[in-house]
Amino acid sequence: MEKTIRTIIDRYDGDKGFLVPVLQDVQKELNYLPREALDLVSSYLDVSLSRIFEVATFYKAFSLTPRGRFQINLCKGTACHVRGVPLIIDHIERELHIKEGETSEDLEYTFETVNCLGACALGPVMVVNEEYHGQMTIAKTSRLLKKLSKESQKSKEGKS
Ligand code: FES
């Protein structure tokens with residue numbers, strides 16, 4: 001972890017003015033902001049831990065708890081809801097064995113719902129790691145989850 005944080009800090013020449021981009025890079029690398037990483041950022045950038053927590057809790061994009069490698073956000077705003085989102089939520093929960101708002105134990109998936117993703121005409125809309133998928137159905141969701149599962153399997157095999 002130390003090497004990862006050092007590399008990120010060096011990217012910004014250790015300049016404390018870049019605290020937000022540094023935290024964004026840490027989150028991108030580790031999928032969340034572990035306490036150990038924040039301690040290192042604090043000492044390398046010479047910024048107090050309380051200031052770091054202030055920033056980390058202010059921005060919604062930061063997470064202090066572990067998140068999955070695949071972050072699935074499903075819109076349940078009105079326009080999407082009326083086009084079958086409740087059934088898609090059930091489907092995802094069954095397939096991934098996690099509930100809305102949870103992260104799988106193997107840290108592969110985080111499933112969350114949001115109120116509007118700003119693409120209502122394409123509803124139901126799902127975003128997986130910033131990639132938008134529109135007009136989602138159970139069948140399309142199934143195909144997408146299969147694809148993610150294959151990627152997950154591949155990366156697990158690559159690690160072993
Ligand atoms: S209500 Fe779903 S994208 Fe707006």
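Modeller: Gladly! Domain bounds come from an automatic or database domain assignment. A pocket is an open set of points on a 1 Å grid over the protein atoms alone, where a 1.4 Å probe fits and protein lies on both sides within 12 Å along at least five of seven lines; its lining residues have an atom within 4 Å of a point. This is a predicted model, where local features need pLDDT of at least 70 and side-chain atom pairs pLDDT 80 or more, while totals for chains, interfaces and linings use all residues. Residues are numbered from 1 along each chain as its sequence is written, and side-chain values use heavy atoms, without hydrogens and water.

Biologist: Which residue ranges do the domains cover?

Modeller: The C-alpha centres of the two domains are 29 Å apart. The division of the protein gives domain 1 as 2-58 and domain 2 as 70-159.

Biologist: Where does the largest pocket lie?

Modeller: Look at who supplies its lining. Both domains give residues to the lining of the largest pocket, so this pocket lies between domain 1 (2-58) and domain 2 (70-159).

Biologist: Which element gives the most to the lining of the largest pocket?

Modeller: Helices (H or I, at least four residues) and strands (E, at least two) are DSSP runs, numbered from the N terminus. At least two lining residues come from each of β1 (70-75), β2 (109-114) and α2 (19-30). The top contributor, with 4 residues, is α2.

Biologist: How many residues line the largest pocket?

Modeller: Those nearest the centre of the largest pocket are Gln27, Ala61, Arg67, Gln71 and Glu130. Counting the whole lining of this pocket, the number of residues is 19.

Biologist: Now Thr141: is Thr141 buried or exposed?

Modeller: Thr141 sits in helix α7, which covers residues 138-159. Buried means under 20% relative accessible area, exposed over 50%, and partly exposed in between, with a 1.4 Å probe and protein chains only. The relative accessibility of Thr141 is 0%, so Thr141 counts as buried.

Biologist: Which residues is Thr141 in contact with, leaving aside neighbours within four places in sequence?

Modeller: Contact means heavy atoms within 4.5 Å. With those sequence neighbours set aside, the partners of Thr141 are Ile88, His91, Ile92, Met126 and Met136.

Biologist: And how much of the whole protein counts as buried?

Modeller: The protein holds 7 helices and 4 strands, and its C-alpha trace spans about 50 × 40 × 25 Å along the principal axes. Out of 160 residues, the buried share is 41%.
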